[in-house]
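Here is a short briefing on helices and contacts. Look at the structure, then read the notes below.

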Amino acid sequence: MNSLAPKRSKGKRRELAPLEPVDAEDGPKMKALPTDRHRAFVRNMYFVKPGHGAAVKAAKLAGFGTPSSTPQSMATIASRLTHDKRVQEAFAEQDQLYIRASAPRAIRALTSLIENPNAKDHARGIAMVLDRVHPAENTLTVKHDATPAFQNTAEVMARIAALAAKFNVALPAPKVIDAVANEAQS
Amino acid sequence: MSMTVEEVKEFLERECVPNGYKYTLVLASVTKRVLQTQMPEEYRLQFLGHLEKMSNGEQWLTAEMIAAVDPMDDKGEEIAREIRKVGPQKALDVYADTFTAFASLNPSLITALKMSPLYRYLKQEASEAAPV
C-alpha cells in the first residue's frame, strides 16, 4: 500500500529569494509635501471608497486628528487638506501616475474587446485601434513663393505710369516713410 | 470754360448725343476721381484698365477724349453717389439722364464730346456745306 511507503524527506526548505528592490520614488510634488501624513493622505484618497466622507476617512487613515476629534473637526481637517495647494498639486501628479499605470490594463481590455466579435462595442474598438494605427490623413499642399517679384512690380508700376500719362490721370503722391538716407560707402 | 445748364442742354439736343456717350464720360470722370485716392497699386491698375477698355480706337471715344475729362468734383461725386443707390443697371441710365448736371459742374465732359471724331466730322461737313 502506498500508505506504508516511507515518507520522503522534504529536506531543508528552500529560502525565499529576496525580492528585487523596488525603486519607486515619489514625484517632486509628493516630496514637496510637508509631512509623511500628508503623503499618506494623498495616497489614501485613491484607495478609500469614493463618496461622501471619503476625504475624512483618508485623513483618519493618514493619522490626522485624535481619537477624541469630533466628526466636525475631522471634516474641517479633511477640507483643509483637500484644498491645500500643495496637496492638490500632489493629486495632479498622482493622477498622471495612476492613469499611466492603467494604460496596460486598458490596452489589454481593448485587445479583448476587438477579439470578441459578439461584444457590444466590438466595431467601436476596432475603429479606435485603426484610428490610432492608420489615422485619416488630409494632404494640403501650400505653395508659398517668398521670392520678391521685383521685376513684376516694376512692370506694374511702369504700366500704371504709362496708362496714367495716356489718360491724363493725376496720381496721388506715393507714401514715403520719413527717413534719412545715408549714402553707402563703396 | 464753364457752361450754363441751358447751354449744355442746347448742345446735347443739337448734337443728338446718345445716352451711352453720356454715361461713359461720366464713368470716366468718376473713375479719374477714384484714381486720385490712395489705393493698392493692383486696384489702381484695374481702374486704369477700365479706362483703357472705354477708349475704342477712333470710333467715338478716343484716349485723347478720356484724357480731356477732368475728375469729378465733390458736388458731382455726391450726385453720383446718390445715383449709385438705384443699382448698377439703372445707374447708367440715370447718369445719362442727369448728364446736364454733371456737365454744368464739369465742363470738360462737353469738351471731350467736342473732341469726338464723329463730332469733328459733322462739324467739318457742316462748315464745307455752308455758303461762303
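Predicted model: local features only at pLDDT ≥ 70, side-chain atom pairs only at ≥ 80, totals over all residues.

Residues are numbered from 1 along each chain as its sequence is written, while chains are lettered from A and ligands numbered from 1 in the order in which they are written.

**Helix H5 of chain B**
- In H5(B), residues 74-84, the residues Gly76(B), Ala80(B) and Ile83(B) are buried (20 or more other C-beta atoms within 10 Å).
- Seen down the axis of H5(B), these buried residues fall within an arc of 55 degrees, so they line one face of the helix.
- The cover over them includes H2, H6 (88-97) and H7 (99-105) of chain B.

**Helices H2 and H3 of chain B**
- The axes of H2(B) (residues 19-35) and H3(B) (residues 41-54) come within 10 Å and cross at roughly 160 degrees.
- The two helices are therefore roughly antiparallel (an angle over 145 degrees).
- Thr24(B), Ala28(B), Thr31(B), Val34(B) and Leu35(B) in H2(B) meet Arg44(B), Phe47(B), His50(B), Leu51(B) and Met54(B) in H3(B), where contact requires C-beta atoms within 7 Å.

**Between the chains**
- Chain A gives 13 residues to the contact and chain B gives 14 residues.

Conventions:
Axes fitted to C-alpha atoms, helices over the stretch in contact; angles between N-to-C directions. Helix = DSSP H or I, 4+ residues; strand = E, 2+ residues; numbered from the N terminus. Parallel < 35°, antiparallel > 145°, perpendicular 65-115°, else oblique. Contact = placed C-beta atoms within 7 Å. Buried ≥ 20, exposed ≤ 12 C-beta atoms within 10 Å, placed from the backbone. Arc of directions from axis to C-beta.
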